[in-house]
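Subject: A structure to look through

Dear colleague,

Here is the structure that I promised to hand over. Please open it beside this message, and then read the notes below with it in view.

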Amino acid sequence: MYLELYLVAIDFLILEGDNLEKLFPNVNFHVFGLKIGGKQGFVLVFSLLVLPTTWFRSLNILAYVSLGGVLASIILIGSVVWVGAFEGVGFHEKGVLVDWAGIPTAMSLYAFCFSGHAVFPMIYTGMRDRRMFPTVLLICFIICTLGYGLMGVVGYLMYGESLRSQVTLNLPSRSLASSVAIYTTLINPFTKFALLVTPIAEAIEGGLGLGLGLRAGGKQQRHRAAAVGVAVRTALVVSATIVALAVPFFAYVVALTGSFLSATATMLLPCVCYLKISSRMSRKLGLVEKVVCVVIIVVGVGVIGIGTYSSLKQIVQSF
């Protein structure tokens, strides 16, 4: 899960570079006599802007701000639909109904989109009435499915085979609705980046034994532990930036994250652990339950194997 969070942080950096380059297509950066392309420069600028947010240990404010992600998603979908309906784009594109060559990538992207498992324990323990947890999950997945489905269908009807990995990159320039959609896309990574990096940093700090120094150490020890913590978080951001600059292929990195990590956490491990726990508790599972678990495991193994191979192949071929 830590590796998955790390790759999602890299995806955010690539996404910011792509969309900022869309907004400012002719911008180049000159640093110490070196000319840096617009996309690479924007990735570096975003990294510098978001870096201080990763140093804070209390992320309550960022957590509340990130709740705006729901509103941002609604605004994004509304802006894209507006462009299609009222900006002369329309919903008339057609193409091949099923592109079999794209199935591995599509399955990997699906796995990525529905990989919220890392936050489930936190949601469950934070609920006042934990009996409502299954209902909450059901509602969340229904809303996500409707949002993803609507965006996918609308995007394809608008741009067909020319649809890019981020629909915002297809939107017409100098359009208010397009600008709203792109700016909305840019806001989410900024508010959530620190929330992705913090669990990884805390795990590293725990391994280095910094947690005890921050909680119960003397003043000098606490300052030393805090300084090392800042260094750890800075190193994470720097390393993520280097990877984002080296592999700037948003769709393929997302697909790799979804197939290799998300599918493992969302499809394979839950069913395997469920079958194992049930057998140890001498709980007899019904035939249908066993068959469903085995089918999900088989599909999961297929997505992990084929999707990972396909994503890696596409990344290598893109260089």
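Does D18 count as buried or exposed? At 9% relative accessibility, D18 counts as buried, where buried means under 20% relative accessible area, exposed means over 50%, and partly exposed lies in between, with a 1.4 Å probe and protein chains only.

Before going on, please keep in mind that this is a predicted model, in which local features need pLDDT of at least 70 and side-chain atom pairs count only at pLDDT 80 or more, while totals for chains, interfaces and linings use all residues. Residues are numbered from 1 along each chain as its sequence is written, and side-chain values use heavy atoms, with hydrogens and water left out.

Salt bridges

A search of the whole structure finds 3 salt bridges, a salt bridge being a side-chain nitrogen of Lys or Arg within 4 Å of a carboxyl oxygen of Asp or Glu.

One of them joins D18 to K39, with the closest N and O atoms 2.6 Å apart. Because K39 lies in helix 2 (residues 38–50) and D18 in helix 1 (residues 2–23), the pair ties together parts that are 21 residues apart in sequence; helices here are DSSP runs of H or I with at least four residues, numbered from the N terminus. K39 counts as buried, at 14% relative accessibility.

Another salt bridge is formed by R233 and E205, whose closest N and O atoms are 3.1 Å apart. R233 lies in helix 10 (residues 219–246) and E205 in helix 8 (residues 176–207), so this pair ties together parts that are 28 residues apart in sequence. Both R233 and E205 are buried.

There is also a salt bridge between D129 and R131, with 3.1 Å between the closest N and O atoms. Here D129 counts as partly exposed, at 30% relative accessibility, whereas R131 is exposed, with a relative accessible area of 71%.

The nonpolar patch

A nonpolar surface patch of about 1000 Å² is made by ten residues that include W100, M107, Y110 and L287. Patches are made of residues with over 30% relative accessible area and no salt bridge, nonpolar side chains (Val, Leu, Ile, Met, Phe, Trp, Tyr) being joined within 5 Å, and accessible areas come from the Shrake-Rupley method with a 1.4 Å probe. Helix 5 (103–113) and helix 12 (287–318) are the elements that give two or more residues to the patch, and the largest share, 4 residues, comes from helix 12. V98, which also belongs to the patch, lies in the loop between helix 4 (68–86) and helix 5, and V98 counts as partly exposed at 37% relative accessibility.

With best wishes

Conventions
Patch = residues over 30% accessible without salt bridge, like charges linked within 9 Å, V, L, I, M, F, W, Y side chains within 5 Å.
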